[in-house]
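Student: Could we go through this model together, starting with how its parts touch one another?
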Protein chains: 2
Amino acid sequence: MKLATLRTANGGTTAALATGADSYLALPASDVGALLAQPEWRSVVEDAAASTEQTVIQSADADLAPLLPRAGKVICCGLNYGDHIQEMGRELPEFPTLFAKYADTLVGATDPVEVHGSGRVDWEAELAVVVGSELFHADEDQARQGIAGYTVANDVSMRDWQNRTLQWFQGKAWDGTTPVGPVLVTADEAGEHFQVRGYVNGELVQNGNTSTLVFGPAQLLSYISQFTILRPGDLVLTGTPGGVGMGMTPPRFLQDGDVLTTEIDGIGRLENQFRIHAPVPVNA
Amino acid sequence: MKLATLRTANGGTTAALATGADSYLALPASDVGALLAQPEWRSVVEDAAASTEQTVIQSADADLAPLLPRAGKVICCGLNYGDHIQEMGRELPEFPTLFAKYADTLVGATDPVEVHGSGRVDWEAELAVVVGSELFHADEDQARQGIAGYTVANDVSMRDWQNRTLQWFQGKAWDGTTPVGPVLVTADEAGEHFQVRGYVNGELVQNGNTSTLVFGPAQLLSYISQFTILRPGDLVLTGTPGGVGMGMTPPRFLQDGDVLTTEIDGIGRLENQFRIHAPVPVNA
């Protein structure tokens with residue numbers, strides 16, 4: 001099944017089931033994270049689909065919120081595609097490079113992205129894994145069982161701030177700059193590998209397959225769970241393939257008005273226009 | 001005033017006012033973060049103190065929970081004391097080095113700390129700043145006004161995991177390993193500078209004054225708020241002075257059974273015994 005979080009007329013959100021190309025069915029949960037927090041969430045969805053009193057939302061009217069607006073943890077893996085590792089000038093890693101951000105960074109699949117104070121806004125198209133059950137000290141099999149499904153994300157990065165210090169956090173954790181969605185595709189309906197693409201104003205800039213990940217989804221969740229608990233609705237971003245702007249000669253960054261598109265076959269597409277305000281002079 | 005979060009008999013927690021050396025007064029909020037989220041929190045405390053129906057908890061019976069068990073953000077600054085920067089072999093920074101952890105890392109002021117799978121458990125005694133109001137794009141004056149108060153923390157670090165990759169997160173974000181408390185001292189009652197000390201089994205190993213911070217509390221909050229919103233109950237750790245185990249010759253780490261004490265004059269003291277299980281062979 002495909003699940004989304006939609007904004008509602010009263011200023012809130014609702015979890016929703018995509019019932020085809022043209023409509024959604026509202027579900028009794030405020031967002032996909034709140035749905036997944038119910039152990040019997042599959043039954044909740046099935047009951048709603050079988051109900052005679054359905055709230056149907058036409059896709060044309062659907063306002064996509066961030067898929068997991070209140071995710072407790074958003075943990076990202078860097079340097080996880082062989083080709084991206086090479087373009088950044090590094091060697092294949094023995095351990096995953098991990099960093100954290102907060103749910104405030106997330107924006108919806110077609111939301112505008114407002115950036116105040118960075119002049120080096122770069123893209124990182126990524127497969128994101130949505131956690132479906134509590135995982136702590138989980139082995140890889142347990143981690144695999146604990147995957148609710150997959151979605152699309154773009155770990156948009158302010159390279160000037162990212163490179164100010166050794167720790168990337170301050171370039172990665174800007175509120176409202178990480179598009180995620182449009183839907184969660186449950187693990188049982190998703191393939192094993194995903195083709196991840198990024199476009200700037202329609203020009204293909206990234207194109208990688210998750211079969212080349214150094215650390216796959218279950219490996220990442222197992223590794224993280226050795227030190228911190230993962231809960232339903234947490235999000236793990238699996239890293240980006242080659243083709244980021246910082247790796248180009250000369251480096252290329254998003255300009256005010258640019259449209260960033262991020263897509264994964266079988267999941268969906270993010271399309272976000274960037275508004276870049278008062279860029280700071282950069283000496284990174 | 002001095003505020004704490006105490007565990008209650010029913011398995012929950014309550015915010016509490018320290019009314020002297022020997023007792024606490026229960027407050028109508030589940031923890032200090034929930035209290036601070038009420039704009040009129042000072043009135044809430046004053047009303048409780050003036051009430052004729054008080055719930056008094058003797059200090060001997062008080063079970064200190066993590067001060068902010070549900071902090072939305074726990075953001076840490078590294079390399080912020082001149083002497084610690086030198087012992088780590090680095091230069092004075094132009095920008096604060098920031099990284100994030102989650103509230104799951106926090107433990108109470110006298111809780112045991114359980115570590116599974118690190119053989120290089122190190123200490124970092126720190127002043128922590130508790131956010132008192134929403135801060136976004138705040139200047140330093142606004143940030144100073146937005147400080148609820150100060151508390152004591154120890155950014156306990158698993159150096160083997162921290163040094164596996166360029167990003168420190170995986171050595172810093174272990175659940176239940178960051179002691180914080182025992183109380184929040186409100187900004188109006190706290191001094192401007194703080195003497196921060198760390199002891200291992202009673203031996204003084206760290207002793208620094210926050211007057212030597214490269215980036216002070218208001219500077220840090222203002223800087224962070226340029227990219228992410230800070231909310232009441234969020235926690236910002238200001239970095240650690242010299243004397244961490246990793247900087248010693250030879251390096252020294254916590255052993256199973258060791259007691260780590262962290263104290264700041266005018267705020268209080270954390271005293272945590274470490275249980276270190278099945279250390280992983282280290283090649284960091």
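Tutor: Contact here means heavy atoms within 4.5 Å. Please note that this is a predicted model.

Student: How is chain A divided?

Tutor: Chain A consists of domain 1 (2-61) and domain 2 (74-277). Their C-alpha centres lie 25 Å apart.

Student: How many residues of domain 1 of chain A are in contact with domain 2 of chain A?

Tutor: Eleven residues of domain 1 contact 16 residues of domain 2 in chain A. The area buried between these two domains is about 910 Å², and carbon and sulfur atoms give 56% of that area. On the side of domain 1, Lys2(A), Leu3(A) and Leu36(A) lose the most area to domain 2, together 53% of what that side buries.

Student: And how many salt bridges does the rule find across that interface?

Tutor: The rule finds two salt bridges there, as well as three residue pairs in polar contact. On the side of domain 1, strand S1 (2-7), helix H1 (32-36) and helix H2 (41-50) of chain A each give two or more residues. The largest share, four residues, comes from S1(A).

Student: Changing topic to chain B: what is the strand order in the open sheet of five strands?

Tutor: The order is S8-S18-S17-S14-S15 (chain B), with mixed pairing. Strands S8 (113-116) and S15 (203-209) of chain B each have a single partner strand, so one side of each is left without a neighbour in the sheet. The twist averages 20° from one strand to the next.

Student: In which sense do S17 and S18 of chain B pair?

Tutor: Strand S17 (residues 259-264) and strand S18 (residues 268-277) of chain B pair in the antiparallel sense, over six bridges. Within this pair, Ile264(B) stands opposite Gly268(B) in S18(B).

Note on methods. Residues numbered from 1 in each chain as written. Chains lettered and ligands numbered in written order. Predicted model: local features only at pLDDT ≥ 70, side-chain atom pairs only at ≥ 80, totals over all residues. Heavy atoms only, no water. Pairing = 2+ DSSP bridges. Axes fitted to C-alpha atoms, helices over the stretch in contact; angles between N-to-C directions. Domains from an automatic or database assignment. Buried area = accessible area lost by both parts, 1.4 Å probe. Salt bridge = Lys/Arg side-chain N within 4 Å of Asp/Glu carboxyl O. Polar contact = N/O pair within 3.5 Å; in protein donor to acceptor, adjacent residues only side chain to side chain.
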